[in-house]
Amino acid sequence: SETSASRLIGKFRHEEARPVNLGGEDSTDPPVSGFELIVSGLKAMAVHRVVIRARCATAGLDEPDWLKGKADPTHPLRWSDALTSPPVLTPRAPPPLL
């Protein structure tokens, strides 16, 4: 919702992409070019969602301010619609270190 706390956790460029296997180790599907991200520092016993936005860069146009909380729909470099993960409830305590 609009009242939920949010934070920006990263900005990635195409040249930073690497092969990611979406089907797991036993999958016969070829890897895709993408990014893997581990998010830490989540509050215990709270519901979290991860939202992903993407856009293409074009030479000669100013880059939109990616630190803004909201995307400007009139900017020539429009952001994609947000892809939102299912809600994730973090556990009461972190798992023990082995």
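This is a predicted model: local features need pLDDT of at least 70, side-chain atom pairs count only at pLDDT 80 or more; totals for chains, interfaces and linings use all residues.
Does T90 count as buried or exposed, and at what relative accessibility? T90 counts as buried, because its relative accessibility is 10% and the limit for that class is under 20%.

**The chain as a whole**

- Take the contacts with a separation of 6 or more: 57% of them join residues 24 or more positions apart.
- The chain has an accessible surface of about 8900 Å², and carbon and sulfur atoms contribute 58% of that surface.

**T90 and its contacts**

- You will find T90 in the segment after strand 6, which spans 88–89.
- Setting aside neighbours within four places in sequence, T90 contacts L42, K43, A44, M45, A46 and H48.
- A polar atom of the T90 side chain sits 3.2 Å from the backbone nitrogen of M45.

- M45 belongs to the loop between strand 2 and strand 3.

**H48 and strand 3**

- H48, another contact of T90, lies in strand 3.
- Beyond the neighbours within four places in sequence, H48 is in contact with L42, K43, P86, P87, V88 and T90.
- Both T90 and H48 therefore list L42 and K43 among their contacts, by the criterion of heavy atoms within 4.5 Å.
- The side chain of H48 has a polar atom 3.2 Å from the backbone oxygen of K43.
- S6 and H48 are 42 residues apart along the chain, and their C-alpha atoms are separated by 9.6 Å.
- S6 itself lies in the segment before strand 1 (18–20), and with a relative accessible area of 70% this serine is exposed.

**The nonpolar surface patch**

- Which residues form a nonpolar patch on the surface? They are I9, F12, F35, L37, V39 and L42, with about 490 Å² of accessible area together.
- L42 is located in the loop between strand 2 (32–34) and strand 3 (47–48).
- L42 is partly exposed at a relative accessible area of 41%, and this patch member is also in contact with T90 and H48.
- F35 is likewise placed in the loop between strand 2 and strand 3.
- At 39% relative accessibility, F35 counts as partly exposed, because that value falls between the 20% and 50% limits.
- Not counting residues up to four places away in sequence, F35 touches F12, R13, E16, A17 and V20.
- One of those contacts, F12, is also a member of the patch.
- F35 and F12 are 23 residues apart along the chain, with their C-alpha atoms separated by 7.9 Å.

How values were computed. Residues are numbered from 1 along each chain as its sequence is written. Side-chain values use heavy atoms; hydrogens and water are left out. Accessible areas come from the Shrake-Rupley method with a 1.4 Å probe; for residues, only the protein chains shown count as cover. Helices (H or I, at least four residues) and strands (E, at least two) are DSSP runs, numbered from the N terminus. Buried means under 20% relative accessible area, exposed over 50%, partly exposed in between (1.4 Å probe, protein chains only). A polar contact is a pair of N or O atoms within 3.5 Å; within protein, one must be able to donate a hydrogen and the other to accept it, and residues adjacent in sequence count only if both atoms are side-chain atoms. Patches are made of residues with over 30% relative accessible area and no salt bridge: like charges are joined within 9 Å, nonpolar side chains (Val, Leu, Ile, Met, Phe, Trp, Tyr) within 5 Å. A salt bridge is a side-chain nitrogen of Lys or Arg within 4 Å of a carboxyl oxygen of Asp or Glu.
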